[in-house]
Amino acid sequence: MNRPEPITPQGEPPVSLYARHEPVFNRRIDGKFRRIKWAIMVVCLAIYWFTPWIRWNRGPYAPDQAVLIDLAHRRFYMFGIEIWPQEFYFVAGLLIMAGIGLFLVTSAVGRAWCGYACPQTVWTDLFQHVDRLIDGDRNARFRLYKAPWGPAKIARRVLKWAIYLAISFATGGAWIFYFADAPTLQSQFWHGTAPMVAYGTVFVLTLTTFVLGGFMREQVCIYMCPWPRIQTAMLDEKSLIVTYKDWRGEKRGSLKKAQKNPGEYGDCIDCNQCVAVCPTGIDIREGPQIGCITCGLCIDACDRVMAETGRPRGLIDYATLDDAENEKKGNPPTRHLKLIWRPRTLVYFAVWAGIGFALLFMLGTRTHTGLSVAKDRNPPYILMSDGSVRNGYALRLHNMQNRPRAMELAIEGLPGAVMWTEDMGRAQAARVLTRTVAADATQGVRVYVVAPADSHGQAFAFTLTARGDARESDTAKTQFDAPGDE
Amino acid sequence: MADTTNSPASAGRRFDEATQTETVGHEWDGIEELNTPLPRWWLWTFYACIVFALGYTVVYPAWPGIHSATQGVFGWTSRGQLASELDAQAATRAKAVAGLADLPIEQLPQHPELMRAAVAGGAAAFKVNCVQCHGSGAAGSKGYPNLNDDDWLWGGDLKTIETTLIHGVRQPGDDMTRQSMMPNFGTDGLLDAGQISAVASYVLSLSGKEKPSAMTQAGAKVFAENCAVCHGDTAKGNRELGAPNLTDAIWLDGGAKADLVAQITHPHHGVMPAWGTRLDPVTIKMLAAYVHSLGGGEEFQAPAVATGAAPAEAATQAVE
Ligand code: SF4
Ligand code: SF4
């Protein structure tokens, strides 16, 4: 940006690759798609701001926040589901589903994500409403933009940016509540006792929201976001895109001209309304382009014009490239519901649903009991004075339920062997020990296994079973070493 | 510079046709270098780095002199940083250390928190002081006791282990050092080779490693006359004297017949430093707790006077 202009002998600057940001002053519009956008915006923002405040009773041993990513304790709570770090594949699975879901939506209805649900779109929309509220609609904003800086302009700008900042702060501030108990963190936050990382996160997110939503807006979509690039590879002739039906609209001309020369002009009266309402400031009549996020606002605008001039709606409309070919030939348009029934969407849907069912199945069948074992390797075995052989193991018992549970630890295999733990004596050694593991916790325990004299080295296993529930069980295989086997 | 007309002096500024960028004015075989200016942001970053670097050399030690370097106005030194890190480390341990200093080791099992700290600290001290002989897994080797097992020459409760650590084994000048002196039966001519072989066979027969025979019977007689005084009539040893149990499976100096013959002929006498003169009492307590925690630690025996009939621990678990 700051690269100095090269000096040229002729004095005419060479063509620059840098395009200056042209501010967009999009006009207010009402219509079907605007209403859908309103609804989706309200739902998205509500989900974002209120989710951390939903309570969910998990009993006395676990947090009561419905959705909580507890990084400090390495737990992920989502309503009735609790995920431990080693079960992170559930989250990975969800992310993969989200990715494939995007493909699915794209192949069925094009860039619907961009137009309605993407945070960049939602917040840009919100900020543009603030513009309208403070500075007025398109023309007023344009005038203000051109006006020289004076007290009135400064006052308006300061007011507007203050509102931007308030929204940004609320946005950045809400994020941290997903990572700790929301009410506690909120009071800590205002009292200045929250962790530094909370303040840092809020600061960074406030700043990014302020800059990306308040100022960069469509620049993010056009220059920064990878999704439009991926889209261009994903869209095909059966994907819905916002289309200006040039075969119907051209040649464009004002109403007056059209009246004077009947039959010469198409339906487009060249009123520029579609350009005026576009949040990314493009002209859809130039054809499909990367700047179009398919928000449908130009459809609303054009439909209104068509209604006023007594022409059929849909000069600009959602259509596929196939539709375009078809309609150019004068055939009736295809029903869009049909678009969903084609191999591409069905394959995406099958993969998406398959992963979903696999996750649900694993969720339903997973146990909340876990056992892992690490054998002592130095020394591998100890000869005891009575000739028996002792091996040491570091076990970790996992109780992944929200209540303390008594669990039975047993030796499977290794005939004649008994075990004891470091906190009991060899006198109480047995093949089955009972331990109580605290709620939602792991317990490390050192276990000594002693096998009768002249036992040989062999594989065996520990099993851990929740008392009174045989399905809640886990097995950890390991090795027993004895003299003479090296 | 074959073409002097291209030199800056003679031709003034030259511009590349394709990019309209000024050239540096040199030309080699028709190849010219463009004088592309550095991006402004890069230059400003560069200047900022210079300013930062200058400031850095003022606040931190930097400029070398003849004998020393400038100290820097922050007064920072790497030695000072190490010292403060060590202090911080000591501060985190201070509570456990203070607790252990006041606590008689007999009461340690009643304080699980302190016990855990002691075992952890002992494990660290063991790696520094003990692994040279006992091995990093405390498994010892021939002549060096294995500390994981349940066989103790002098006793395996916390207090006894602590005493052994403080006074060492066979340390001259320490009245309470662990002292056991098996005579050189062979080299001093107390027994002849036949007697030694016989008594070795007898001892091996006690743990079933050799079958009873005329030889072992002869050995039994030698044992009763020469060895029972320390190792006991049943050969189960005596912890008071540090005499090992000869009926168990554990052999400090090897369990083959040749090992026994060698040991009877000219015994190997191991030593251990009196750690009381080298380590502080807390570290010794920690070491005792660690060794005790390795799986063979014994409970305290009720004092004989109090109960009147203390079980003879030495009889059940001793020694080699
Ligand atoms: S282009 Fe990127 S940032 Fe813009 S709406 Fe689409 S996904 Fe969001
Ligand atoms: S061209 Fe139409 S659909 Fe595309 S971004 Fe602009 S208003 Fe939305």
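Biologist: Into which domains is chain A divided?
Modeller: This is a predicted model, where local features need pLDDT of at least 70, side-chain atom pairs count only at pLDDT 80 or more, and totals for chains, interfaces and linings use all residues. Residues are numbered from 1 along each chain as its sequence is written, chains are lettered from A and ligands numbered from 1 in the order written, and side-chain values use heavy atoms, without hydrogens and water. Domain bounds come from an automatic or database domain assignment. Chain A is divided into domain 1 (32-53 + 86-231), domain 2 (239-334) and domain 3 (369-480).

Biologist: How far apart do the centres of domain 1 and domain 2 of chain B lie?
Modeller: Chain B has domain 1 (14-75) and domain 2 (132-314). Their centres, taken over C-alpha atoms, are separated by 75 Å.

Biologist: How much area do chain B and chain A bury between them?
Modeller: Contact means heavy atoms within 4.5 Å. It takes 24 residues from chain B and 20 residues from chain A. Buried area is the accessible area (1.4 Å probe) that two parts lose on being put together, summed over both. Of this area, 55% is on carbon and sulfur atoms, and the total is about 1,700 Å².

Biologist: Which residues of chain B lose the most area to chain A?
Modeller: Three residues together make up 26% of what the chain B side buries. They are Gln20(B), Arg40(B) and Asp150(B).

Biologist: Which residue forms a salt bridge with Asp150(B)?
Modeller: A salt bridge is a side-chain nitrogen of Lys or Arg within 4 Å of a carboxyl oxygen of Asp or Glu. Between chain B and chain A the count is one. The closest N and O atoms are 3.6 Å apart, and the partner is Arg426(A).

Biologist: Which residue meets Asp181(A) in a salt bridge, and how many residues apart are the two?
Modeller: Asp181(A) meets Arg55(A) at 3.0 Å, N to O. Asp181(A) is in the loop between helix 6 (151-176) and helix 7 (182-191) of chain A. Helices (H or I, at least four residues) and strands (E, at least two) are DSSP runs, numbered from the N terminus. Arg55(A) is in the loop between helix 1 (32-50) and strand 1 (67-70) of chain A, and the pair is 126 residues apart.

Biologist: Which residue stands opposite Glu27(B)?
Modeller: Strand 1 (residues 23-28) and strand 2 (residues 31-34) of chain B pair in the antiparallel sense over three bridges. Two strands pair if DSSP finds at least two bridges between them. In strand 2 of chain B, the residue opposite Glu27(B) is Glu32(B).
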